[in-house]
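This report describes one protein chain for a reader who has not seen it before. Please look over the sequence and the model before reading on.

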Amino acid sequence: MPTPGFRTGTLNNDGYPAWITALDNDDNTNHTVHVVRGLAPADALQAVGARQAVITPCRLPAQQPDNGTSLPRAAIGPTDSGAVLLAGQVGPWSFIYDDAGMTSLAQDGVSPAEVLSAAGREAATCTDLNPELAYAVDGELLLHVIDDNISPADENIPAGLRAARRAAGNFESEDDEDGEDDYGVNMRVVCALASLNITLDELRSIPLLAAPFS
């Protein structure tokens with residue numbers, strides 16, 4: 001099945017959003033991405049726990065200094081923080097990339113998607129470690145998938161997420177022999193929802209913010 005929502009060059013050879021893997025090496029399994037409609041990037045960063053005092057404009061370097069340092073981490077310089085967050089905006093959607101997945105955890109039983117979607121907004125979170133996908137509207141969690149991929153045949157997909165799931169399609173690599181959904185489908189759904197079908201060069205053209213996070 002094709003991935004109709006993604007142009008040539010916006011996915012890597014495994015069907016994973018290329019702008020994400022370009023920010024860090026492919027061995028990083030802790031990528032987390034949050035998206036929220038109707039909230040500015042700086043406000044979104046604070047909503048997931050970043051301190052306002054450490055949020056700064058970010059210009060990504062040309063390349064990673066080593067395999068253990070993401071481009072956002074390299075951009076802000078030496079830090080002991082467990083994660084570095086990168087945020088920007090595409091149309092009405094803001095996004096946050098977390099290079100270590102530290103903002104993916106629920107706090108007091110409330111998921112980041114629920115927090116970001118408060119006051120009538122729409123938000124989603126995807127992390128690779130489990131994998132996990134959460135989608136919320138107006139502070140209410142409408143979908144939460146853990147250790148699984150969201151299936152296009154699932155009748156429980158919320159209406160606001162159905163077009164994004166269709167756009168994500170299925171990606172079949174040369175090594176795929178079982179016809180199952182590929183590992184990148186959840187992240188493609190979140191990126192399709194927020195129109196993040198972009199390349200690294202296109203990401204660089206967006207005004208970006210970064211913040212260390214612990």
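## Basis of the description

The model is predicted, and local features need pLDDT of at least 70, side-chain atom pairs count only at pLDDT 80 or more, while totals for chains, interfaces and linings use all residues. Residues are numbered from 1 along each chain as its sequence is written, and side-chain values use heavy atoms, with hydrogens and water left out.

## The chain as a whole

The chain has seven helices and eight strands. Helices (H or I, at least four residues) and strands (E, at least two) are DSSP runs, numbered from the N terminus. The radius of gyration is 16 Å, close to the 17 Å that the globule rule gives for 214 residues, so the chain is as compact as a globular protein of that length. That radius is taken over C-alpha atoms, and the globule rule is 2.2 Å times the number of residues to the power 0.38. Along the principal axes, the C-alpha atoms fill a box of roughly 45 × 40 × 30 Å.

Of the 214 residues, 51% count as buried, meaning under 20% relative accessible area (1.4 Å probe, protein chains only; exposed is over 50%, partly exposed in between). Contact means heavy atoms within 4.5 Å. Among contacts between residues at least 6 apart in sequence, 65% join residues at least 24 apart.

## The sheet

Eight strands make up an open sheet with antiparallel pairing, in the order β2-β8-β3-β4-β1-β5-β6-β7. At its edges are β2 (56–58) and β7 (140–146), each of which pairs on one side only. From one strand to the next, the twist averages 20°. Two strands count as paired if DSSP finds at least two bridges between them.

Strand β6 (residues 132–137) pairs with β7 over six bridges, in the antiparallel sense. Within this pair, A134 stands opposite H144, and Y135 has L143 as its bridge partner. The two strands form a hairpin with two residues between them, and D138 in the turn has a positive phi of about 55°.

## Helix α6 against the sheet

Helix α6 (residues 185–193) lies across β1 (32–37), β4 (93–98), β5 (122–127) and β6, and runs at about 150° to β5. Axes are lines fitted to C-alpha atoms, for helices over the stretch in contact, and angles run from 0 to 180 degrees between N-to-C directions.

How many residues of α6 are buried? The count is nine of nine, and M187, R188 and L193 are among them. Their cover includes α1 (18–23) and α5 (159–168), together with β1, β4, β5 and β6. After α6 comes S195, with a positive phi near 55°.

## Two buried threonines

T32 is in strand β1 and counts as buried, because its relative accessibility is 0%. Its side chain makes a polar contact with the side chain of T127, at 2.7 Å. A polar contact is a pair of N or O atoms within 3.5 Å; within protein, one must be able to donate a hydrogen and the other to accept it, and residues adjacent in sequence count only if both atoms are side-chain atoms. Leaving out residues up to four places away in sequence, T32 touches residues including I96, Y97, T125 and T127.

T10 is in the segment before α1 and is buried, with a relative accessible area of 1%. A polar atom of the T10 side chain lies 2.6 Å from the backbone oxygen of R7. With residues up to four places away in sequence not counted, T10 touches Y16, P17, A18, N197, I198 and T199.
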